[in-house]
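Please look over the structure first.

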Amino acid sequence: MESSTFITEFIANEAEGMLIRIKQLKPFSMTVSMVKSAAVSDRAFKGVNDHVNNAKRKLRISVVAFIRKLRHKKLEEQIDPVALQNQFAMLKLRFNSILDQLDIYADVLTQRSEQETGTWLRGLDILAEDGLSPGKKYFELPALMVYLDRGHGAAIRRARTRLPGGDLNPVAVIQIPRERMCGNGIGSSLVHEVGHQAAELIGLTQRLKEETHKVGEQKTKNKKAWEYFERWVSEIVADFWAIAQLGISATQGLMGVVSLPAYFQFRLDLNDPHPAPFVRVLLSCRSGNMLFPDPQWQQLEQLWNTFYPTENLPEHKRQDLHELLEEMPEFIRLMINLRLKALNNQRLVEIFPIAERQPNLLRKYYMEIKKNRSILKRIPPTLLFAIVGQAKADFKLCAKSESRLIQYQLTNWANHLLN
């Protein structure tokens with residue numbers, strides 16, 4: 001066999017092998033097994049199914065064209081093996097990126113077949129959708145899917161961001177730590193991640209960074225505190241999105257995540273987008289107190305200070321903390337009063353149901369639920385988590401009862417979709 005023929009046949013055979021593997025990738029509708037109450041929303045399922053199928057179809061067309069090109073090369077034609085191999089390698093990289101995307105969605109969908117967990121995840125989808133609802137007047141709500149994974153914190157792969165291979169993600173995929181199931185803290189993690197999605201859709205993160213930078217430039221003292229605030233904006237606004245809907249439940253959930261050894265509490269790092277845990281909890285407490293005034297926030301802040309005393313810290317670190325706490329009220333007011341074009345120039349705080357999430361109202365709602373459980377059918381998911389969190393903060397609800405109530409309601413939300 002002549003050298004040119006050998007080269008083209010070798011690469012063509014490799015390409016045909018890839019073509020066979022592409023054909024073996026079945027649509028999710030043929031591979032995923034789950035009860036209806038555990039299924040992701042029709043919009044989310046269609047989004048990922050269509051996305052993967054379109055990517056496969058386009059790659060298959062490219063591979064077939066490449067093979068046809070190789071087969072029709074004449075023996076006497078000059079062959080450039082380097083160029084041919086490079087073309088094949090690019091096709092293979094694209095195939096691998098599609099497999100990476102497939103695995104991202106498969107992690108979500110296959111988990112729905114787990115008994116109980118699958119239905120709870122559908123309930124969490126509904127909670128996530130409600131967590132995005134303050135923005136429904138201002139942007140198109142993306143489809144959402146929630147799944148559990150190991151790890152300490154939650155994460156989101158936002159809709160309309162790049163997937164492996166460069167394609168745009170058609171849905172928001174939210175990862176929740178399995179250790180948060182099934183307690184009220186899961187609401188805090190989930191609505192925080194939803195907050196990341198919302199903040200990007202309304203341009204909140206970038207706008208607040210710009211305004212924070214402006215204020216910091218004008219400061220004659222405590223300038224470094226504003227540098228920290230500017231670096232931490234993305235996480236702070238996501239925390240705020242959760243607080244504004246869940247009340248003290250969001251702060252206590254955050255405390256559960258960042259209850260780490262003291263060594264980690266005071267790490268002030270301008271290269272890290274996450275606030276130092278100690279500062280982050282105090283930001284949450286003080287934001288909560290501005291939105292929902294109540295002595296409970298001061299009590300919670302004092303508790304956090306008791307857990308992590310600052311007396312023995314180095315002087316420079318205590319000074320940085322002092323400056324951050326001194327500037328914190330001004331920064332929080334800047335955030336909650338920020339007017340955004342995407343919100344029709346409303347203040348950020350005005351899009352949230354602040355009035356109906358006041359602590360005394362949440363306490364009243366909880367007493368009504370205790371008398372009449374049928375009320376649960378009419379309560380929006382984020383409101384329920386706010387009520388449950390308030391009851392737990394007031395020591396009116398034990399952890400066992402809390403978990404049972406949340407499991408019950410997650411299942412109810414999932415099953416309600418079938419009726």
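Trp 304 and Phe 307 are 3 residues apart in helix 12 (residues 295–307), a separation of about one helical turn. Helices here are DSSP runs of H or I with at least four residues, numbered from the N terminus. An α-helix has 3.6 residues a turn, so residues three or four places apart point the same way.

The model is predicted: local features need pLDDT of at least 70, side-chain atom pairs count only at pLDDT 80 or more, and totals for chains, interfaces and linings use all residues. Residues are numbered from 1 along each chain as its sequence is written, and side-chain values use heavy atoms, with hydrogens and water left out.

**Aromatic pairs**

Rings of Phe, Tyr and Trp (its six-membered ring) pair if their centres lie within 6.5 Å; planes under 30 degrees apart count as stacked, over 60 as edge-to-face and the rest as tilted. By this rule there are 12 aromatic pairs. Trp 226 and Phe 331 form one of them. This pair links distant parts of the chain: Trp 226 lies in helix 8 (residues 223–246) and Phe 331 in helix 13 (residues 315–336), 105 residues apart.

| Pair | Centre to centre | Angle between planes | Type |
|---|---|---|---|
| Trp 226 and Phe 331 | 6.0 Å | 70 degrees | edge-to-face |
| Trp 304 and Phe 307 | 6.5 Å | 75 degrees | edge-to-face |

Buried means under 20% relative accessible area, exposed over 50%, and partly exposed in between (1.4 Å probe, protein chains only). Trp 226 is buried because its relative accessibility is 1%. Phe 331 is buried too, at 0%. Trp 304 is buried at 0%, whereas Phe 307 is partly exposed at 48%. Ring pairs also join Trp 226, Phe 229 and Phe 331 into a cluster.

A charge lies over another ring. Arg 373 sits over the face of Tyr 408, 5.0 Å from the ring centre. The criterion is NZ of Lys or CZ of Arg within 6 Å of the ring centre and within 35 degrees of the ring normal.

**Nonpolar cores**

A nonpolar core is a set of buried Ala, Val, Leu, Ile, Met, Phe, Trp, Tyr and Cys residues joined through side-chain atoms within 4.5 Å. The largest has 99 residues; Leu 124, Phe 229, Val 279, Leu 291 and Leu 348 touch the most other members. Helix 8 gives the most to this core, 14 residues. A second, separate core has 37 residues, including Ile 98, Leu 102, Ala 106 and Val 173.

Contact means heavy atoms within 4.5 Å. Beyond its neighbours within four places in sequence, Val 279 contacts Trp 232, Leu 268, Leu 321, Leu 324 and Met 328.

Helix 8 also holds Asp 239. What is its burial state? Asp 239 is buried, at a relative accessible area of 10%.

**Helix 4**

Helix 4 (residues 81–110) has 30 residues. From first C-alpha to last it reaches 42 Å, close to the 44 Å expected at 1.5 Å a residue.

**Positive phi**

Asn 222 has a phi near 60 degrees, positive in a residue other than glycine. Asn 222 is in the loop between helix 7 (204–218) and helix 8, and is buried at 9%. Phe 395, not a glycine either, has a positive phi of about 60 degrees. Phe 395 is in the loop between helix 15 (381–393) and helix 16 (399–416). At 76% relative accessibility, Phe 395 is exposed.

Technical notes
Helix = DSSP H or I, 4+ residues; strand = E, 2+ residues; numbered from the N terminus. Expected span 1.5 Å × (residues − 1).
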